[in-house]
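Welcome to a short tour, taken one selection at a time. Please open your viewer and get ready to pick out some helices and residues.

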Amino acid sequence: MSKLIENQRHLFDLPDDVAYFNVAALGPLPIAAAEAGCDGLNRKRQPWTISNADFFADTERVRPKLAQLINAEADGIAFCASVSYALATAANNLPVKPGQTILVLADQFPSNVYTWRALAERVGANVKTVGHAEAPEALNDALLSAITPETAIVACAQVRWTDGARIDLDAVGARAREVGAALVIDLTQSCGAMVFDAATTQPDFVACAAYKWLLGPYSTGFLYAAPKWRRGVPLEQNWITRTNARDFSKLTDYCDAFAPGAQRYDMGERSNFALLPALEASVDLILDWGVANIEATLGAQNAGLARRLAALSLASPPADQRGPHYLGIALPETAPADLSDRLRSAGVHVSRRGNRLRITPHLFTTEADMNRLVEALKVELSPPLAAER
């Protein structure tokens, strides 16, 4: 049974006059994570204090914690600096035949489109865009209907980044397996805020950047590879992923054998002495809160906020068709083009994506923050939405 979490603003460096509703763009680094990163960076000031074993210590601790986030095995986790790196790894290993189709969602994040366009061009396949940007409520059904025996890869997210439209990944995974298609998921906009179970969904690959809902530093993230893909071809040929890497005195005894599991996919220079400790501190915090509890808390918080915005005629997708941590409200045609900048001047930080205002709070969001947001929207949106100017 999930439980609601008390406000955690004291763990972040957020002034009282800042209402931050933009985690989907950049999650704020918790104070503990920033301190861990600074401590790690300072180690490089005295490099003689860094031992050979330290090149492996952080990754050995963090890898199983990342796996725990998605109910996966640590052997399936690889470290990468970006979603594009993880998706390129997937594209480098998944078989696609000429004439087959790769499915992507309407308004999918660019990195999760360009990768598949390049692969399709290389092998003579097709990329098909599914759904419509203006109909988030129909996105999931459109995707399920588009998966056919001609489908080679389904590439999607758990929630669409622009509006939070939700995909039933368990149903999509089952349908993909039914027709023999691979499932590649970008969890960047949900991991740490929504429950995901790799054992149930059975994806082929998962990509996740950690600087959003995992509250980690930029240039950190991970890849998950299903068991059948853990003997594939990595993008890089680096030394630390080999079985003899721990013996620095014998690195020129060149070794073709990889370390177990998905470690072969680890990016070069994975042993980042500043970023990994910061990432670990953030992941520890999320695991301590519990992803299910975070999801329940943000869902309750957004439900109340959605009702208040609906009173201003600002509608978001129904709760069962969006990520609980997301509100993507449809803006009227009269909304000023510089609405985000105007709200920022009022101390309210959100993102505009197309005709939607993306509102993404977290456990640090207070009632005062929500009041500030609602009042600012009243001021900036023209009648009949605005109560006053």
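Start by selecting two helices, α1 and α8: α1 passes α8 in a right-handed crossing (the near helix is turned clockwise from the far one by less than a right angle). Helices here are DSSP runs of H or I with at least four residues, strands are E runs of at least two, and both are numbered from the N terminus. This is a predicted model, where local features need pLDDT of at least 70, side-chain atom pairs count only at pLDDT 80 or more, and totals for chains, interfaces and linings use all residues. Residues are numbered from 1 along each chain as its sequence is written, and side-chain values use heavy atoms, leaving out hydrogens and water.

Now show the side chains where the helices touch. Ala32, Ala33, Ala36 and Gly37 in α1 meet Pro277, Ala278, Ala281 and Ser282 in α8; contact means heavy atoms within 4.5 Å.

Next, select Tyr326, in the loop between α9 (291-310) and β9 (327-330). Is Tyr326 buried or exposed? Tyr326 is buried, with a relative accessible area of 0% (buried means under 20%, exposed over 50%, partly exposed in between, with a 1.4 Å probe and protein chains only). Beyond its neighbours within four places in sequence, its contacts include Trp161, Trp213 and Arg358.

For the last stop, select Ile70. Leaving out residues up to four places away in sequence, Ile70 touches Leu187, Phe196 and Phe222, among others.
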